[in-house]
Amino acid sequence: MTPEEVLEEFRSAGALLQGHFILSSGLRSPTFLQKMTIFSDPARTERLCRALADVVTKQFGRIDIVVSPAIGGIIPGYETARHLGARAIFVERDPGGPFTLRRGFSIPAGARAVIVEDIVTTGLSARECLASLKDEAGEVVGAACLIDRSGGRGEIGLPLVSLVTLDIPTYAPDALPPDLAAIPAVKPGSRAIPAP
Ligand SMILES: O=P(O)(O)OC[C@H]1O[C@H](OP(=O)(O)OP(=O)(O)O)[C@H](O)[C@@H]1O
Ligand SMILES: O=C(O)c1cc(=O)[nH]c(=O)[nH]1
Ligand SMILES: [Mg+2]
């Protein structure tokens with residue numbers, strides 16, 4: 001799948017949104033990729049995740065376990081794992097807390113795992129996911145996402161592959177351009193915003 005074909009999936013699904021968004025990192029952006037609009041369509045999700053599985057195999061070789069950060073990573077993690085012939089597990093937060101591996105999930109000795117994210121903006125969520133796996137016996141060999149919107153600057157602490165790399169502007173909340181400041185901000189994701 002070419003980068004343009006991937007973007008066309010987002011565009012034609014109505015998942016490429018313009019407005020004023022509060023991102024998981026706390027940064028603001030005029031552009032938001034609403035991945036849940038994609039994941040509500042199993043055929044679209046299948047096309048994208050099959051392509052991501054191919055990229056993962058080329059870059060990392062055999063993968064036994066896909067581990068994803070909840071909530072956004074769960075569906076693409078599962079679907080990518082299906083194409084890899086791997087298991088799919090996820091890390092989740094207690095409200096406001098760090099990611100933890102629960103529900104009896106583990107990465108056993110000898111297993112090769114990859115982190116699968118939906119979108120990477122700063123890499124913070126994938127980094128936190130990796131940190132939560134530090135006591136697992138198996139090896140986390142890399143990370144993958146559908147869209148890396150960091151311009152390739154997202155730092156995860158692992159090699160990262162994606163279907164598309166974009167460089168989408170983000171702004172600190174106290175450094176908004178006037179046209180963005182004029183639009184009421186919405187926060188689509190699940191990470192709790194610290195009280196002001
Ligand atoms: O690279 P980052 O700066 O961490 O941003 C990307 C993260 O933001 C979104 O998650 P969010 O915390 O908004 O919650 P969600 O997974 O429930 O959508 C998305 O699913 C990624 O996990
Ligand atoms: O950084 C984020 O929180 C984020 C950006 C984006 O485009 N889509 C998304 O689901 N989360
Ligand atoms: Mg997420």
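Student: Which residues is Ile115 in contact with, leaving aside its neighbours within four places in sequence?
Tutor: This is a predicted model, in which local features need pLDDT of at least 70, side-chain atom pairs count only at pLDDT 80 or more, and totals for chains, interfaces and linings use all residues. Residues are numbered from 1 along each chain as its sequence is written, while chains are lettered from A and ligands numbered from 1 in the order in which they are written. Two residues are in contact if their C-beta atoms, placed from the backbone, lie within 7 Å. For Ile115, that gives Val67, Ser68, Ala126, Cys129, Leu130, Val140, Ala143 and Leu158.

Student: Is Ile119 buried or exposed?
Tutor: Ile119 lies in strand β6, residues 112–120 (strands are DSSP runs of E, at least two residues, numbered from the N terminus). A residue is buried if 20 or more other C-beta atoms lie within 10 Å of its own, exposed if 12 or fewer, and partly exposed in between, with C-beta atoms placed from the backbone. Ile119 has 25 other C-beta atoms within 10 Å, so Ile119 is buried.

Student: Why does Val120 count as buried?
Tutor: Val120 also lies in strand β6. Leaving aside neighbours within four places in sequence, its contacts include Ala126, Cys145 and Leu160. Val120 counts as buried because the number of its C-beta neighbours inside 10 Å is 26.

Student: Which residues does UniProt list for "binding site"?
Tutor: The listing comes from an unreviewed entry. UniProt positions are given in the numbering used here, feature names are shortened, and annotations may be inferred rather than shown by experiment.

Technical notes: Helices (H or I, at least four residues) and strands (E, at least two) are DSSP runs, numbered from the N terminus.
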